[in-house]
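Dear colleague,

Please find below the sequence and structure that I am handing over to you. My findings follow directly after it.

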Amino acid sequence: MRGTRRTRLCMAGVMAASALLAAPAARAAERTDGHLTDLVNPFIGSQNEGNTFPGAAVPFGMVQLSPDTGHSTGYDYTQNRIRGFSLVHLSGVGCRIGGDLPVLPTTGDVTQTDHAQYAAAYAHDDEEASPGYYRVGLASGIRAELTATARTGVQRYTFPATDKANVLLNAAQSLHKAVSSAVEILDDRTVRTEITGHGFCRDTGPYTVYTITRFSRPFTAYGTWDGRTISPGARSGPDGAYVRFDTTRDRTVEATTALSYVDSRGAATNLRAEGGRSFDAVRHRAREEWERRLAGVRVRGGSPALRRTFYSSLYRSYLAPNVGSDADGRYFGWDRRIHRARGFTYYQNWSLWDTYRTQAQLLALLAPREARDMARSVVAVDEDGGWLPKWGYGPVETNIMSGDPVTPFLTTAYRMGLLKGFEERAYRALRKNADGVPPAEYPGVGREANAEYLANGFAPYVKGRPYAKMGDSDYHHGASVTLEYALADAMLAQMARGLGHHEDAARYAARSRNYRNVFDPAIGFFRARDGSGAFTGSADPARGIGFHEGTAWQYQWLVPQDVPGMVGLIGGKRAANDRLDTFFAYDRLLADPERTAREVWVHGDPYAYYNAAVYNPMNEPDLIAPYTYLSTGQPWKTTDVVHAALTLFTDSPTGMTGNDDLGTMSAWNVLSSIGLFPVQPGYDTWGLTTPVFDRVDLTLDRGYWPSGRLTVTAPGTSATDRYVQAVRTDGTPHTRTYLTTRALRSLRSLAFTVGPRPSEWGTSREAAPPVLR
């Protein structure tokens, strides 16, 4: 999902990209036997609208304590002033959100209350970040350090010698739109805030965050402010507070801030549960947590840059969704009431239009216990509030993006065995979502165009239709929405069949073929239809209307449930392969893959979604498109395209392809680098393509993966020797271009033999991924 800001794509990462697929001899020297956290660069994606953040967090933590420089989502590497270190950030979103309670250390008299005015200058040569830790030297002479637990952010400020060392807590200025705020100084070490806001791409309903900050030593003075009016000695105020310390002898001040979405008692509970430790102890614990998480994947081979890029992507894949429940299990539900999660951790922040394609599957593979709790949390959203989420932020719906992404998200969890014990509860929620539309009084839009879709077999494109609620409207994207609904129906049909709901399964399977209803045979592409059923908009598939953040060229491959049926509409395999070759500029790609990726696929703007007839590796609609060749008898071309796209990921601040979208693009990188990709999102089909590492060892949770370990090998894989010659599973020849989750569960080794030229592997009709009927 993307925002609206437009910038030109920086080419600074080209040289780094060229080293990613180095020859085997050059890759042998370095191993990952040391600290994997040392291979992570949190600055990747912090420039050119990757919208990542470099600050401190633990895996899936509620708190992401990071600097804000003035960019709408927090941090921009090109800016040189920090307005504050705030508690809440989402990695890679395209719209303004979070940034609650920016805190900044200063010296001297407090005269400004606008953080844009009192912002501190800094330089990158005095800045560093690693998983769970951030440090920067400010031009004021103050050194700021950040670390975190799941529900607290811990700060350490080292001041010059002065009797006017201040810490400013700005409750009224966040990245989102503040509705109200309040600050209260409870005693000579503690400050409490309450911040209510709304926002994101368009206004949401209000939500409130509560914080308590406990300092390591008493204040020597304090005050609050209201607007521009500063009141020294005041204990409460609406907008912000400052506290002062004498650092003429002891120059260091530490502070722990606890966060809760429930109430102030929840923040106090979290502070008691996770506070009280020194900065260094918290930092060490955070590093250990990340080390354990990253150690689930051990790679060998590849260039140093490739390994840094890979582990940085793996790191970002674990930043969200985020813990939403307090240490006592309480959470604020979508019915605006307090609930208690019993037997699971409640999570929030659901960028589902993005994550259902890659990150959901990666977490199910590598973090199944957390992924199970995430699925339970999505079901809880329905049971608390009455409907499943579309794009949820904290305890509110944003309605951003379109289609029905929650269905393949939850059916993925079902196929991966994560819904055991509450399959029917999840199915009831999905069935209601698939067959209806939320009532007018509910803030979410759900399948907004479902009435027309069910009646006519397609979602209409209705130009200029007023928004019924905040967020996006499915009626503005009728063509792509039809494809998304049909994909969701296909996945729900498989779940219904597995649970014994055979009539439902037949009904949803029939609906999964509705993609055919927006295919215009006159132009040979999908095309929007208006309310009367007539095809509408330009006949040029690069300039048609009704596709969300994409064109008919990019959406034509979004039929993973029935690639042969889609290929038949196009005119057969030869016509489909010719079109795929055109789409990927395949001839140019073979001659110069990196340049083609950067100059043909990427148009210079991360938000250039429209008016294009080529692959867009910076956005979600065609993330699975390179894997279409697995179904058309030319699997070697999948490798060519995927490996070219991987060069767009580098270890520089510009090394992201568009917004990361809560780990979506990062998970694409991780899975494609390993050689296992979810080609049917919502089902359990894993497409195979050449890994970029000689060896990958995955340590798996035996509670969900009985083998406990999967080793993927591709000796000698490189930019030249990249074509699959043969595949063996536990020593047995494997001729298909995919594996199922059932096969993966007992598998211990997946061995690729690679060579410099395409082979016959995977080219038979029987080798292609299955049709979901």
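Helix 6 and helix 21 of this predicted model are oblique to each other, because angles under 35 degrees count as roughly parallel, over 145 as roughly antiparallel, 65 to 115 as roughly perpendicular and the rest as oblique. The axes of helix 6 (residues 304-317) and helix 21 (residues 664-674) cross at roughly 130° and come within 8 Å. Here axes are lines fitted to C-alpha atoms, for helices over the stretch in contact, and angles run from 0 to 180 degrees between N-to-C directions. Helices (H or I, at least four residues) and strands (E, at least two) are DSSP runs, numbered from the N terminus.

The crossing of these two helices is left-handed, meaning that the near helix is turned anticlockwise from the far one by less than a right angle; clockwise would be right-handed. On the side of helix 6, the contact (heavy atoms within 4.5 Å) is formed by Thr309, Phe310, Ser313, Leu314, Arg316 and Ser317. Helix 21 contributes Ser666, Ala667, Asn669, Val670, Ser673 and Ile674. These contact residues comprise 5 nonpolar, 6 polar and 1 charged; Ala, Val, Leu, Ile, Met, Phe, Trp, Tyr, Cys and Pro count as nonpolar, Asp, Glu, Lys and Arg as charged, and the others, Gly among them, as polar.

As to the strands, two count as paired if DSSP finds at least two bridges between them. Strand 35 (residues 749-755) pairs with strand 31 (residues 709-713) in the parallel sense over 3 bridges, and Thr711 has Ser749 of strand 35 as its bridge partner. Strand 35 is also joined to strand 32 (residues 723-729), antiparallel, by 6 bridges, with Val727 opposite Phe752 of strand 35.

An open sheet of 3 strands, paired antiparallel, has the order 23-24-25. Its edge strands, each pairing on one side only, are strand 23 (350-351) and strand 25 (396-397). Strand 24 (residues 391-393) is joined to strand 25 by 2 bridges, and Gly392 has Glu397 as its bridge partner in strand 25.

For the chain as a whole, the secondary structure comes to 22 helices and 35 strands. The C-alpha trace spans about 75 × 60 × 45 Å along its principal axes.

Residues are numbered from 1 along each chain as its sequence is written. In this predicted model, local features need pLDDT of at least 70 and side-chain atom pairs count only at pLDDT 80 or more, while totals for chains, interfaces and linings use all residues, and side-chain values use heavy atoms, with hydrogens and water left out.

With kind regards
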